[in-house]
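Subject: Structure handover and findings

Hello,

Here is the structure for your files. My notes on it follow below.

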Amino acid sequence: MHEMMVAENIVETILAQVQKKSGKVTRVVISCGQINAINDEALKFAFEAIAAGTICQGAKLKIKHIPLKAVCNSCHKKFNFDLYEPQCPKCGKSDFLIGDDVPLILEEIEFEKK
Amino acid sequence: MMKIKVKKKILAKNEDFAAANQKFFKKKNILCINMISSPGSGKTTILEKTAKALKNKINIAVIEGDLYTKLDAERIRATGLEAVQIETKGACHLTAEQITNSLHKFDTDNLDIIVIENIGNLVCPSDFDLGETVRVVVLSVAEGDDKCKKYPNSFAQADVLLINKTDLARYLDFNVKMVRKDVLKLNKDLKIFEISAKTTAGMEKWFKWLKKAIR
Ligand SMILES: Nc1nc2c(ncn2[C@@H]2O[C@H](COP(=O)(O)OP(=O)(O)OP(=O)(O)O)[C@@H](O)[C@H]2O)c(=O)[nH]1
Ligand SMILES: [Mg+2]
Ligand SMILES: [Zn+2]
């Protein structure tokens with residue numbers, strides 16, 4: 001639902017980047033962390049709708065999920081933290097140190113000049 | 001075709017407003033609480049009871065977020081507190097900018113606490129930092145004891161969890177012990193209070209926590 005606003009912000013950020021260029025955006029790559037409420041399908045749908053009528057119309061949206069690193073305090077195993085399975089994959093304990101989660105980032109765009 | 005590296009935060013605009021709000025709260029020494037939950041978990045009732053208990057001891061004001069209607073702000077005003085209503089006209093979360101625009105409607109010089117009652121929605125508001133000092137999630141026993149597993153985002157980012165409607169627990173199969181265990185796996189620093197906003201059972205500890213937090 002809030003994907004609509006995220007999509008608006010993506011398009012705004014892109015437009016600010018390519019302001020004076022003429023052509024169109026063909027591909028957009030964004031990255032996000034684990035502790036957010038972004039649903040890929042919903043975001044792609046929203047992006048398509050918001051992009052319509054702008055130079056982003058028809059651009060492919062790629063969403064990269066950056067893992068959240070964790071270290072088990074019991075057995076010291078390093079693993080990727082899964083919000084839906086919050087325990088050490090080796091020893092099963094739930095006492096661990098979680099790293100910093102990354103925010104939503106517009107990584108790069110592919111642009112075709114007219 | 002050319003590739004352009006951008007590397008920019010997508011929600012930068014919200015973050016800028018959030019940072020400004022945070023600075024403002026710090027300067028004015030105000031504790032700002034962002035309250036998040038599903039619809040109907042009891043946020044407004046908790047605030048009404050908190051207002052009643054603390055009204056002469058602590059200065060509290062409330063920002064009410066709802067899709068439509070001014071009902072919640074009216075309920076808060078009936079307790080004697082100041083309240084501002086934000087109607088999002090369908091948007092599923094509050095933004096930091098909306099908070100910035102609401103702040104000047106209060107006389108903030110004498111305030112100890114501003115509570116923001118976010119839109120009833122356990123998912124979307126968690127991605128939008130409002131510049132709050134603490135984030136409080138409310139889970140009512142009527143919603144079921146699996147919600148922190150199904151919607152971990154909000155719980156992982158909270159400072160306090162209020163488990164509300166405990167007066168109903170005996171009619172429902174709500175396993176409080178399991179919920180405590182599950183949420184602490186996600187967020188080991190989470191402070192948990194079991195309360196009933198209806199009977200006010202357990203709320204004394206929450207009030208104490210608030211009083212301590214504003215010092
Ligand atoms: N039995 C019981 N009912 C409660 C309790 N707290 C709230 N309620 C009831 O639950 C219903 C919803 O309460 P509200 O305070 O309006 O909930 P809310 O979270 O503010 O709702 P929205 O703002 O619409 O998301 C009301 O009928 C309350 O009387 C409680 O502790 N026990
Ligand atoms: Mg309410
Ligand atoms: Zn382990």
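Is B:Leu168 buried, partly exposed or exposed? B:Leu168 counts as partly exposed, at 31% relative accessibility; buried stands for under 20% relative accessible area, exposed for over 50%, and partly exposed for what lies in between (1.4 Å probe, protein chains only).

Some conventions before the rest. This is a predicted model, in which local features need pLDDT of at least 70 and side-chain atom pairs count only at pLDDT 80 or more, while totals for chains, interfaces and linings use all residues. Residues are numbered from 1 along each chain as its sequence is written, chains are lettered from A and ligands numbered from 1 in the order in which they are written, and side-chain values use heavy atoms, with hydrogens and water left out.

Surface patch

B:Leu168 sits in the loop between strand E7 (160–164) and helix H7 (176–186) of chain B. Helices (H or I, at least four residues) and strands (E, at least two) are DSSP runs, numbered from the N terminus. Together with B:Tyr171 and B:Leu172, B:Leu168 forms a nonpolar patch on the surface, with about 280 Å² of accessible area in total. Accessible areas come from the Shrake-Rupley method with a 1.4 Å probe, and for residues only the protein chains shown count as cover. Patches consist of residues with over 30% relative accessible area and no salt bridge, where like charges are joined within 9 Å and nonpolar side chains (Val, Leu, Ile, Met, Phe, Trp, Tyr) within 5 Å.

Magnesium site

The magnesium ion (ligand 2) is coordinated by B:Thr44 (OG1), B:Asp72 (OD) and B:Glu117 (OE) at 2.0 to 2.1 Å. Donors are N, O and S atoms within 2.8 Å of the metal (3.2 Å for Na, K and Ca); water is not among the atoms, so sites may look incomplete. Along the chain, the donors of this ion follow the spacing T-x27-D-x44-E. B:Thr44 belongs to helix H2 (residues 43–54) of chain B and B:Asp72 to helix H3 (residues 71–77) of chain B, so the pair ties together parts that are 28 residues apart in sequence. B:Thr44 is buried at a relative accessible area of 5%, and B:Asp72 is buried at 12%. B:Asp72 is also linked with B:Glu48 and B:Arg75 in a network of salt bridges.

Strand E5 (residues 113–117) of chain B is mostly covered, with five of its five residues buried. Strand E2 (residues 31–37) of chain B pairs with E5(B) in the parallel sense over five bridges; two strands pair if DSSP finds at least two bridges between them. B:Asn34 has B:Ile116 as its bridge partner in E5(B). Strand E3 (residues 60–66) of chain B also runs parallel to E5(B) and is joined to it by five bridges, with B:Ala61 partnered by B:Ile114.

Salt bridges

B:Arg180 and B:Glu194 meet in another salt bridge (3.0 Å, N to O). That pair links distant parts of the chain, helix H7 and strand E8 (residues 191–194) of chain B, 14 residues apart. B:Arg180 is partly exposed at 30%, and B:Glu194 is partly exposed at 33%.

Sheet in chain A

Three strands of chain A form an open antiparallel sheet in the order E4-E3-E5. Strands E4 (78–81) and E5 (96–98) of chain A each have a single partner strand, so one side of each is left without a neighbour in the sheet. Strand E3 (residues 68–72) of chain A pairs with E5(A) over three bridges, in the antiparallel sense, and A:Cys72 stands opposite A:Phe96.

Regards

Terms used: A salt bridge is a side-chain nitrogen of Lys or Arg within 4 Å of a carboxyl oxygen of Asp or Glu.
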